[in-house]
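Dear colleague,

Please find the structure below, handed over for your study.

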Amino acid sequence: KLNGLWSRMVYENRSLLERPMEINIWRAPTDNDRNIKLAWMEANYDKAVVRAYETRWETAGDRLVIHTSSSVSAIFTQRMINVEEKWTVRGDGRLDAELCVNRDTEFPMLPRFGLRLFLPKEMSSVTYCGLGPRESYMDKRRSSWHGCFAAEAEQMHEDYIKPQENGSHYDCDYVKVEGTGISLTAAAADTFSFNVSPYTQEELTAKAHNWQLEKSPYTVLCVDYRQNGIGSNSCGPELIPEYRLDEAEFVFRVSLLPETEF
């Protein structure tokens, strides 16, 4: 009730979340973000939290529908984003999310917008349909192609000497993360981006060298409406408008489907 998000997800007596779900707007700044990251940090995007103001629910057949009005802000700044959350829990365990976002355009473009889930470490095998097998972003994808791919979470981390955002896959229809007989699939009618990583974005932000990184006790799954483009102005022009996550309003819809092998 504090933030309108899920603290636990259990399917067939198997836990899918090791920590509460989060609305996620931060990414570990890339080398190209060295100028825009100053505006992001001044806006306190790296300290953003979600607060719920009202929650109501209704039933429809075998579905439970939960509506929450929430905001994203830092503790000591005004609201950055207002979110109308709609969560539909179906009888078969499927969870449909619809996040209607209204952003204060006085704030700079967003690093990203999406959901972050902390899955059990054993859930580390990834299959997906989208741009792969190399990392891809909306303006950094020429070395990738559309297809269905499989990898382990460890293999999806790009080991840059200076830790930073990495390993995202753009224009995806679904991603499935599984292990020890259980899986969770994120799928959507409109394509999305995702990361699966053994590291949190906080760890990648804090460390100056790759040998300093410490792995998370979880498999970190980020399912993004979109990320801001990578080609920002570290040594060239600013990111062109079509690659900015700068809309005043947008809607992010995604479904989460748990399954077991038994």
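A pocket here is an open set of points, on a 1 Å grid over the protein atoms alone, where a 1.4 Å probe fits, with protein on both sides within 12 Å along at least five of seven lines; lining residues have an atom within 4 Å of a point. This is a predicted model, in which local features need pLDDT of at least 70 and side-chain atom pairs count only at pLDDT 80 or more, while totals for chains, interfaces and linings use all residues. Residues are numbered from 1 along each chain as its sequence is written, and side-chain values use heavy atoms, with hydrogens and water left out.

The lining of the largest pocket consists of 20 residues, and E22, I23, A48, R116 and E202 lie nearest its centre. Strand 3 (19-24) gives the largest share of this lining, five residues. Strands are DSSP runs of E with at least two residues, and helices are runs of H or I with at least four, both numbered from the N terminus. Strand 4 (49-60) and helix 2 (201-206) each supply at least two residues of the lining as well.

Turning to strand 13 (residues 218-227), 10 of its 10 residues are buried, meaning under 20% relative accessible area with a 1.4 Å probe, protein chains only. Strand 8 (residues 112-120) pairs with strand 13 in the antiparallel sense over nine bridges; two strands pair if DSSP finds at least two bridges between them. Within this arrangement, P120 stands opposite Y218. Strand 12 (residues 182-197) also runs antiparallel to strand 13, joined by five bridges, and N195 has C222 as its bridge partner.

With kind regards

How values were computed: Buried means under 20% relative accessible area, exposed over 50%, partly exposed in between (1.4 Å probe, protein chains only).
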